[in-house]
Amino acid sequence: MPVKNRFAELHDAITAWRRDIHTHPELLFDTHRTGALVADKLRGFGCDRVVTGLAQTGVVGVIHGKNGGAGRVIGLRADMDALPIEEATGATYASTTPGVMHACGHDGHTAMLLGAAQYLAETRNFSGTVVVIFQPAEEGGGGAKVMCDAGLMTDFGIEEVYGMHNWPGMPAGSFAIRPGPFFAATDVFEIAITGRGGHAAKPHTTVDPIVMSAQLITMLQTIASRSADPTEEIVVSVTSIESSSKAYNVIPGSVLLKGTVRTLSAEMRDLAEARMGAICAHIGAAMGGEAGLDYNRNYPVMVNHPEQTAFVADVARSVSGACAEAPLVMGGEDFAYMLEERPGAYILVGNGDTANVHNAEYDFNDDVIPMGCSWWAELVERRLPA
């Protein structure tokens with residue numbers, strides 16, 4: 001089964017939805033216009049139930065199969081939010097909101113799931129129930145967790161859940177997936193370094209937090225190189241250094257370091273936090289100052305469930321002829337929270353030779369739409385056979 005004919009017919013309409021969303025991007029939980037558009041479309045498709053306001057602006061549509069919805073319930077999720085980036089694509093449908101753009105393709109994800117919802121509501125060629133989930137605040141807000149905490153899985157009876165993300169650099173419309181850990185945990189940290197400031201000509205009268213910072217940054221790299229098993233994946237990055245002084249001749253009293261830790265297992269996550277705490281405490285003490293660590297666990301590791309992964313890979317092969325093994329990704333994805341709640345899987349669909357995501361020149365490839373919609377629809381019809 002290649003691309004379903006219905007999606008070839010709907011391609012122009014879905015593209016128009018996508019470009020409309022692209023022109024009006026919204027951040028985090030403020031996806032008011034996008035959520036209203038989604039809810040209006042779902043009602044127009046004849047969904048059996050449309051619920052708004054989950055996680056503030058999230059939208060859920062319920063579509064019963066031809067047997068009235070009795071039986072299994074599966075969830076399909078798309079994200080709706082944009083990024084705080086000034087667009088540089090030059091597209092005729094470019095963002096009209098200064099400093100905000102759809103630089104990750106969530107506009108495409110939303111449009112493709114809307115297209116699939118229209119087809120499923122028209123055909124009802126399945127048994128059981130499909131719950132289409134349109135989530136705000138994937139880009140740092142943890143919208144998936146907020147929706148789950150609000151009762152998404154229990155209130156709608158969802159038994160399995162599935163997600164998709166476009167991937168630049170993969171051939172347009174191709175698919176890739178892997179079982180087990182897939183996207184990394186994305187923890188963040190701040191280290192407040194306190195010394196004793198003074199004149200730069202008299203360093204012996206100070207406790208220099210700049211030197212302490214340099215020692216800390218170097219030592220933090222030993223977590224990956226000397227503390228972690230070399231076969232494990234771990235990244236510790238200091239991404240910001242802020243001094244309390246901007247003068248040339250002043251040794252500051254304090255420095256603030258910020259950064260991120262990426263891991264693909266609970267063991268490495270625990271190791272990173274523990275080692276960072278020990279390094280901060282001992283370097284601070286050794287140099288006569290203090291280095292206080294504030295470590296915050298953000299999105300967890302996203303783990304694909306083996307049986308569901310094998311199933312959706314087979315669906316992808318039926319749509320495109322192949323499904324590659326995806327690489328491990330050290331970026332984060334809050335769909336991880338949904339996969340902690342229910343079994344399911346997350347797949348990549350190729351965006352072609354385009355700028356990478358989170359780039360001012362990125363744009364979702366509209367040629368991918370029929371393939372993505374067909375994968376959603378075929379997933380439902382195979383998982384919930386009529």
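Predicted model: local features only at pLDDT ≥ 70, side-chain atom pairs only at ≥ 80, totals over all residues.
Glutamate 267 belongs to helix H8, residues 266-286, and because its relative accessible area is 57%, it counts as exposed.

Let me turn now to the sheet. Eight strands, in the order S1-S2-S4-S3-S5-S16-S6-S15, make up an open sheet whose pairing is mixed. Its edges are strand S1 (49-54) and strand S15 (324-325), each of which pairs on one side only. Within this sheet I would draw your attention to S16, residues 344-352, where 9 of the 9 residues are buried. Strand S5 (residues 160-168) pairs with S16 in the parallel sense over 8 bridges; if you look along that pairing, you will find tyrosine 162 opposite alanine 345, and glycine 163 with tyrosine 346 as its bridge partner. Strand S6 (residues 175-177), by contrast, runs antiparallel to S16 and is joined to it by 2 bridges, with alanine 176 partnered by leucine 348.

That brings me to the salt bridges, of which the model has 24. Arginine 18 and aspartate 366 meet in one of them, at 2.9 Å from N to O. Since arginine 18 lies in helix H1 (residues 5-23) and aspartate 366 in the loop between S16 and helix H11 (369-383), this pair ties together parts that are 348 residues apart in sequence. Are these two partners buried or exposed? Arginine 18 is buried, with a relative accessible area of 0%, and aspartate 366, at 9%, also counts as buried.

A second salt bridge links arginine 33 to aspartate 20, with the closest N and O atoms 3.1 Å apart. Here the pair ties helix H2 (residues 32-45), which holds arginine 33, to helix H1, which holds aspartate 20, and the parts are 13 residues apart in sequence. Arginine 33 is partly exposed at 34%, and aspartate 20 is partly exposed at 24%.

My last pair is arginine 77 with aspartate 334, at 2.8 Å from N to O. Arginine 77 sits in strand S3 (residues 73-79) and aspartate 334 in the loop between S15 and helix H10 (335-341), so parts 257 residues apart in sequence are tied together. Arginine 77 is buried at 1% relative accessibility, as is aspartate 334 at 0%.

How values were computed: Residues numbered from 1 in each chain as written. Heavy atoms only, no water. Helix = DSSP H or I, 4+ residues; strand = E, 2+ residues; numbered from the N terminus. Buried < 20%, exposed > 50% of the residue type's maximum accessible area, 1.4 Å probe, protein only. Pairing = 2+ DSSP bridges. Salt bridge = Lys/Arg side-chain N within 4 Å of Asp/Glu carboxyl O.
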